Each structure stands twice: as C-alpha cells, then as structure tokens.
Amino acid sequence: MKLYEVFIRAKSGLNHRHVGSLHAADSHMALQNARDVYTRREEGVSIWVVEASAISASNPEQAESWFDPAIDKVYRHPTFYPLDKEVDNM
Amino acid sequence: MNEAAIYHYLLRLADTSLTQSQRLAEWCGHGPFLEEDIALTNVALDLLGHAKMLYEQAAEISEQQLSADDLAFLRDVSEFKNPLLTELPRGNFAFTILKQYFVDQFHVLLYSALRHSMYAPLAHIAEKALKEVNYHLERSHGWCLRLSLSTEQAKMKIQEALDDLYFYTPELFESDAYLDDLQAQQIIPDLTQLQADWQQSVDVLLAECQLNVPKKGWLATGGLRGEHSEHLGYMLAEMQFLQRAYPGCQW
C-alpha cells in the first residue's frame with residue numbers, strides 16, 4: 001500500500017493543516033481511512049490526502065543557505081506601519 | 001399502540017446491532033492493517049451507539065424497571081432476538097466485510113424507511129443512525145469490490161464467504177405476529193418490500209463483483225423466536241462477563 005499525507009480543515013474558514021500520514025491502496029481509501037483515523041473526535045470538516053511520493057521537499061542540508069539569511073532582515077516584517085484600529089489581528 | 005410489539009421490535013433491532021458490534025470489536029488489535037483496524041472498531045462503536053439508543057427506548061417502555069445495561073448484559077441466549085447472521089463468528093476479513101455489507105445495506109434501507117415511522121422515538125433514532133450507516137455501507141461496498149476484483153486468493157475468500165453467508169440473509173426480513181401488527185400500523189416498513197429493495201441492491205453489487213450467487217442452502221431462521229446457534233452463548237459469556245461477575249458495576 002502507498003503512503004499518504006493527510007491534511008484536515010478544522011472548521012470552515014481555516015486552512016487545511018497537516019495532521020499525519022497513513023497507508024491506503026488509493027486516494028479514495030486514503031480519504032476514508034483519514035476520516036476514521038483523524039476525525040473521530042470532531043477534528044475536522046474537510047480532508048485532503050496527498051500521495052507522499054508526490055510531495056517535493058526542501059533539503060534539510062541546505063537549511064543554512066535557504067533559511068538563515070531571513071533571520072536578520074527585520075525590515076521585511078510589516079511591523080513599522082501604523083494600523084487602523086479596526087484591523088485588530090494582522 | 002401495541003407496546004409489547006414495539007418493545008419486541010426495539011429488542012430485535014438493538015440485539016442485531018449489539019451482536020454485529022461485538023463481532024466487529026473482536027477485530028480490535030487484529031485488523032489486517034492499522035488503519036483498517038481503527039475503521040472496523042469505529043463502525044463497531046457506531047453500532048453500539050445505535051443499540052444503546054434502542055435499548056434505552058425499550059427500557060423506557062418496559063413494564064419492569066429496566067436499564068439499557070440490564071437488557072444488553074443480563075438477558076440470556078433465548079431472550080435475544082437478533083438474526084443468526086450477526087452472531088456468526090467473525091471469520092476472516094472477507095467474511096467480516098461481506099457480512100458487514102449485507103447488514104449495512106439492510107440498515108440503510110431500514111433506517112431510511114423508519115424515519116417515517118408512526119412511532120416518533122423510532123423515527124428519531126433512525127434519523128440519527130442513518131447518517132452513520134450510510135458511511136458504513138460506502139466502506140463495506142467498496143471493500144467487496146476491492147476484494148472481488150483483486151487477487152485470486154482474495155476473490156476465492158470472498159466467494160467462500162458468500163457461499164457460507166448467503167442463506168443467512170433472508171432472516172433479516174423475517175416477520176412474526178408482533179411485526180405483522182407493526183407493519184399494519186406503519187410503525188415499521190413493509191418487510192417484503194424492504195427485502196425486495198435489499199435484494200435488488202445486493203444483486204447489482206454481486207454481479208459487479210463477478211461472484212457466483214449460490215443456488216441452494218440451509219435457510220437460517222429462529223432468532224426472532226430466541227432460537228439461536230451455539231455461537232451466541234459463547235459471545236454472551238464473554239460480552240456479559242463483567243456484569244455477571246460484578247453486578248451493577250459501572251465505569
């Protein structure tokens with residue numbers, strides 16, 4: 001059986017979040033298994049499954065050159081703008 | 001309304017769900033793979049929930065002071081009213097799945113019809129249970145196709161299961177004087193019609209699965225009258241042990 005990664009939307013309006021993985025013969029069975037394994041306690045209202053082999057991942061060995069340069073670029077955060085009061089949670 | 005007949009029928013449905021649930025629960029820790037293990041026991045819990053609602057309603061209208069637990073755990077074999085189908089040992093995975101499909105198809109048609117029961121508590125229970133059995137059917141229906149159309153070995157196992165199970169299914173639709181009365185009062189659907197609808201759906205699936213439908217076999221009967229196979233006694237001995245050994249014990 002193939003390995004699938006599972007993404008659950010907790011309630012409408014929120015994003016699908018990665019919750020884990022499981023085995024299934026095809027995507028339909030993967031959805032059913034995800035429903036039974038990951039949403040039995042009201043965890044979700046929508047499920048995506050993706051074959052794990054279809055995911056391209058960044059290489060952890062390159063993490064320094066990929067991600068460290070962002071650390072000292074504080075000016076890239078939009079924290080220097082005065083916000084209107086109505087915009088609470090930007 | 002004929003309360004004795006309703007009580008009898010509530011127990012018929014509750015005992016069917018409880019025994020089916022218990023057999024599924026036996027797969028806990030023994031499923032063919034982890035995800036399926038969880039899915040099977042999930043269905044078992046759903047069915048246990050349906051049995052609980054039905055027993056609670058039966059307890060409410062019973063003439064004695066009874067609880068749902070009394071009905072599930074303190075009645076003996078001859079008082080159980082489930083069809084022999086649901087007390088059969090769980091067998092292999094193909095056997096479990098095909099049996100589950102037969103019961104799921106029955107439940108979906110039954111609860112769809114019972115939503116319009118003239119007896120409101122039953123209509124209410126049917127409404128709640130229907131959502132769950134629809135999902136059960138989707139699963140078992142899919143598995144029957146998968147097993148039948150995959151390897152030679154899987155096909156052989158589900159064919160054997162069909163040969164063993166097929167003539168246990170008509171008992172699901174058996175009637176008696178009480179049930180005749182309830183059908184006449186439109187408290188339960190016409191069981192002959194229900195059987196015809198069930199047979200039609202089953203015929204379609206079995207043809208799709210390219211399985212050979214057995215022509216002749218022993219027609220199971222007796223559950224409604226409390227006449228059971230030897231299997232039910234062993235099942236109850238295990239299921240009821242705690243309440244028998246520690247009367248009134250609670251979690």
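**View 1. A:E42 sits in the loop between α1 and β3 of chain A.** Everything here comes from a predicted model, where local features need pLDDT of at least 70, side-chain atom pairs count only at pLDDT 80 or more, and totals for chains, interfaces and linings use all residues. Residues are numbered from 1 along each chain as its sequence is written, while chains are lettered from A and ligands numbered from 1 in the order in which they are written. Helices and strands are DSSP runs counted from the N terminus (H or I, at least four residues, for a helix; E, at least two, for a strand). A:E42 isn't a glycine, yet its phi is positive, near 60 degrees. A:E42 counts as exposed because it has 8 C-beta neighbours inside 10 Å. (The cut-offs, using C-beta atoms placed from the backbone: buried means 20 or more other C-beta atoms within 10 Å of a residue's own, exposed means 12 or fewer, and partly exposed is in between.)

**View 2. Chain A has an open sheet of 3 strands, in the order β2-β1-β3 with antiparallel pairing.** β2 and β3 of chain A are the edge strands with a single partner each, so one side of each has no neighbour in the sheet. From one strand to the next, the twist averages 30 degrees. Strands count as paired if DSSP finds at least two bridges between them. β1(A) and β2(A) are joined by 8 bridges, and along this pair A:L3 stands opposite A:H23 in β2(A). These two strands make a hairpin with 6 residues between them, and A:G13 in the turn has a positive phi of about 105 degrees. On the β3(A) side, 6 bridges tie that strand to β1(A), and A:R9 has A:S46 of β3(A) as its bridge partner.

**View 3. α1(A) packs on the sheet, touching β1, β2 and β3 of chain A.** Its direction makes about 115 degrees with that of β2(A); angles run from 0 to 180 degrees between N-to-C directions, with axes as lines fitted to C-alpha atoms, for helices over the stretch in contact. Contact means that two residues' C-beta atoms, placed from the backbone, lie within 7 Å. The helix covers residues 27–38, and its 12 residues should span 16 Å at 1.5 Å a residue, which agrees with the 15 Å between its end C-alpha atoms. (Expected span is 1.5 Å times one less than the number of residues.) Buried residues in α1(A) are A:M29, A:A30, A:Q32, A:N33, A:A34 and A:D36. They pack against β1, β2 and β3 of chain A, and against α2 and α5 of chain B as well.

**View 4. Where the chains meet, 8 residues of chain A and 6 of chain B take part in the contact.** α2(B) gives the largest share of the chain B side, 4 residues. That side has 3 nonpolar, 1 polar and 2 charged residues; Ala, Val, Leu, Ile, Met, Phe, Trp, Tyr, Cys and Pro count as nonpolar, Asp, Glu, Lys and Arg as charged, and the others, Gly among them, as polar. Take B:E35, which lies in helix α2 of chain B. B:E35 counts as buried because it has 21 C-beta neighbours inside 10 Å. Leaving out residues up to four places away in sequence, B:E35 touches A:L22, A:H23, A:A24, A:N33 and A:V37.

**View 5. The largest nonpolar core has 60 residues, of which B:A14, B:L54 and B:L98 touch the most other members.** Helices α1, α2, α3, α4, α5 and α6 of chain B each give two or more residues to this core, and α4(B) gives the largest share, 14 residues. A nonpolar core is a set of buried Ala, Val, Leu, Ile, Met, Phe, Trp, Tyr and Cys residues joined through C-beta atoms within 7 Å. Residues up to four places away aside, B:L54 touches B:L10, B:L13, B:A14, B:S17 and B:I125. A second, separate core of 10 residues includes A:Y4, A:V6, A:M29 and A:V49.

**View 6. α4(B) is mostly covered, with 20 of its 22 residues buried.** From first C-alpha to last, α4(B) reaches 30 Å, close to the 32 Å expected at 1.5 Å a residue.

**View 7. B:A68 has its place in helix α3 of chain B.** B:A68 is partly exposed, with 18 other C-beta atoms within 10 Å. Neighbours within four places aside, its contacts are B:K52, B:Y55, B:E56 and B:A59.
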